[in-house]
Amino acid sequence: MMQKLISLTFFILFLTAHSYAQEGDSTNFPYAEVIINTTPAEYPVSDRKQLLNFGWRFQLGDFQIDEQNPVSDEGWRNVDLPHDWSIECEIDEENPSGNDGGYFPAGTGWYQKHFQVPTDWHDKQISVYFEGVYMNSEVYINGVLRGKRPYGYSSFSYDLTPYLNLNEENTISVRVDNSQQKNSRWYSGSGIYRNVWLVGTAPVHVAHWGVAITTPEVSSARAVVHIATTVKNTSDSIQNVTLSTEITDGSKNDLEVYLEANSEKIVEQEIIVQNPSLWSPDNPTLYNATLKIIQEGLEVDESAYSFGIRSIEFSTENGFVLNGKPLLLSGGCVHHDNGCLGAAAYSRAEERKVELLKEAGFNAVRTSHNIPSEAFLEACDRLGLLVIDETFDGWRVSKTPYDYAMYFDEWAVKDVQDMVRRDRNHPSIIMWSIGNEIIERKSPEAVETARMLSTAVKEIDTTRPVTSAMTTWDNDWEIFDPLMAEHDVCGYNYQMHHAEADHARVPSRIIFQSESYPKDAFYNWNMVQQNSYILGDFVWTAMDYLGESGIGRYYYNGEQAGEHWDANHFPWHGAYCGDIDLIGHRKPISYYREMLYNDSRKLYMAVREPSPIGGNIYLTSWAVWPTWESWNWEGFEGENVDVEIYSKYSKVRLYLNDILIGEKNTTKNQEFKAIFSVPYQPGTLKAVGVDNGNEVETTTLTTAGATSKIRLTAERTIITADGQDLVFVTVELTDSAGNVQFNAEDELLFTLEGDGEIIGVDNANLKDPGPYVSTIRKVWKGRALVVIKSSKNAGQIKLKVGSAVVADATLKSINLSVESSLDSIFDQKKKVHNIYPPGNKFYNY
């Protein structure tokens, strides 16, 4: 079946000729727009599953439902999925999620979807598949409860067949209860934040998550692909069918399968691939396995699974070995949010996250501390990013009052096994993690629990090791030896300094640092380089995230001291410990880390923010000194400002306005870094890499003048008009020469014309509590971000960007049609928050 969709081709047009000013004010402000055109395209759609993301109804509040008393959704909001209602709302320090949840509201909400069963599905087994609902979901079909799932990161499916009205309208109702706060140590989001699918299968079909693809024998000349398929018969009679499996290169295997009534059977096949292209981060080749059920000559079921051909090994002698070659893990931890989109797991947002991680030099990621989205793992497969797939932040002892400890005994084995069943075919996944910094880790019971979870994983998959992350800040480190013995690979959070002594005590232990302080980048890299039993380092964190408010912060005289757990540091509402900030901009520490682990970059320069005159800058544990790509330090003329140069050359030179400031060594002994103290004066800094006395590479920073342009950069030129695709537009305020004005903090207005929607705005400033769902946002350090979602309709889309203050004063007098849209934009809070029920504490303003 083919469905016509539309691709949106972006033509970027920078307009700086239009300036608007208030009457009597000589100050002009630039204006820019991006014009988006459309071109048609066609994409195949599966007959087995249909995306069920569109046309839902949503309401905050709680209701009673049963088969005789359906919930009326008259007056509810129309929403499409994925949907996170928390990100739409105001950040308020009184919200019960507190600093852990980023001061966002939560609550209880209901979703309903009305649908009719497709006529050609009337003889099929029909189920609904949810990729993730946060949290405590209850799913009803026509008022009948089909199941509950407390863990907000697990995917799950329910059979709808016995409860459907084939010739009438049906209603799926979903209750989402995120009201018990706190239940997470970071921003979780609220709602159906991942995809939902309607799945229709023949009575005889490949079972849900019923395919396990492994590659037990791999070489450059030949690979054995082993496919274990669970074939299910839901009919009341014996069935004889053929399972036909074909992979990308044309290799094929057919087997006859005999099935008793209402039974299932695991069918094992092996297919040989000659001269395979082996999957790796540098060569992420994917194969496709198409499985067909043939019954009496007719194809009754078809499903496809991507996989990679690769081998992995772990040892103390060689570390991590991929396809026969040792590979050091340059890793980062990431939470699941997408910044201004909250927890909403749009496929493009998840893919962009992987792109940003790859561009920053990471080759591995730890999904801390929860099961990731399918879209994220698919992007890791496709783009080449290794993954440690993690289930839980805790076991039986809680870290917050209402966290997973409430559900562990009943649900832990099912949740961890469902993760492995769902994700086992992803070549990017190299380890399964069963926990993080478990509170009860010193108790004998923890050893038993680790054994239980490890056994549960290996019942499903024995091809990957089991790990978890452990830590301590006292003298009891050796007490963990029995617990670590239950793991194949041991994760150390901030404990790399124990590794050498541990190796002497327990030579068989394989170690990686599962979390590390950003400031320890060189030490950790050096330890990984020198010790084969240390697989790599995973910094906390690769990216900034919402919640855990204030971790990684720096602060000034007069601001509240202490770590993020010591006090309420509002308006901080997120973590600033990432190499990459919330709008996708790389911090200087990112370039330094990339330089350590990779040879692609050899020179970089940034400037350490000077302490205020008569004051100081203070750092918390996860912070690095605030360092910027800027030579704009007005007010510090003549004062020394520190310039940092990172270099893989033996020496660097620094020039200011073509005058040599000095030359320094940047070898390993200097940690590939040089710092020059330079009396500030405007102009151009130039860092030069020196090799054998020759200047071979340069990089510059130039003082920016007054803001005169808005530069808009769309990160892609084509998106699809499917109502799901996104484009991220970076907004920069620059001078006439195109230099970003680092000190700019103007408030901008974003307007969109045509078939699209602004779904998020951001500026990476975690001390700015402005709304993320809005059409107004201040820039920070000269930058902001706008996220646009496509509609399903063809047509031109135009993003306009200008000053909120100036536009309000002048555009109304130019164009009355703009006036009404501006009125609604400047009343954004009222517009957004009036969708919620009156009297709800979290949503009244």
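Which residue follows α1, and what is its phi? Select Gly-361: its phi is positive, near 95°.

Before moving on, a note on the model: it is predicted, with local features needing pLDDT of at least 70 and side-chain atom pairs counting only at pLDDT 80 or more, while totals for chains, interfaces and linings use all residues. Residues are numbered from 1 along each chain as its sequence is written, and side-chain values use heavy atoms, leaving out hydrogens and water.

Colour its buried residues, among them Arg-348, Val-354 and Leu-357 (buried means under 20% relative accessible area, with a 1.4 Å probe and protein chains only). The cover over them includes α2 (374-383) and β45 (726-734).

Next, show the open sheet β3-β12-β7-β10, which has 4 strands and antiparallel pairing (two strands pair if DSSP finds at least two bridges between them). β3 (49-51) and β10 (156-159) stand at the edges with a single partner strand each, so one side of each has no neighbour in the sheet. Inside this sheet, β7 (125-130) pairs with β12 (196-201) over 6 bridges; find Ser-127 opposite Val-199.

Last stop: the open, antiparallel sheet β5-β4-β6-β11-β8-β9, with 6 strands. Zoom in on β8 (137-141) and β9, joined over 5 bridges, where Glu-138 has Lys-148 as its bridge partner.

Key: Buried means under 20% relative accessible area, exposed over 50%, partly exposed in between (1.4 Å probe, protein chains only). Helices (H or I, at least four residues) and strands (E, at least two) are DSSP runs, numbered from the N terminus. Contact means heavy atoms within 4.5 Å.
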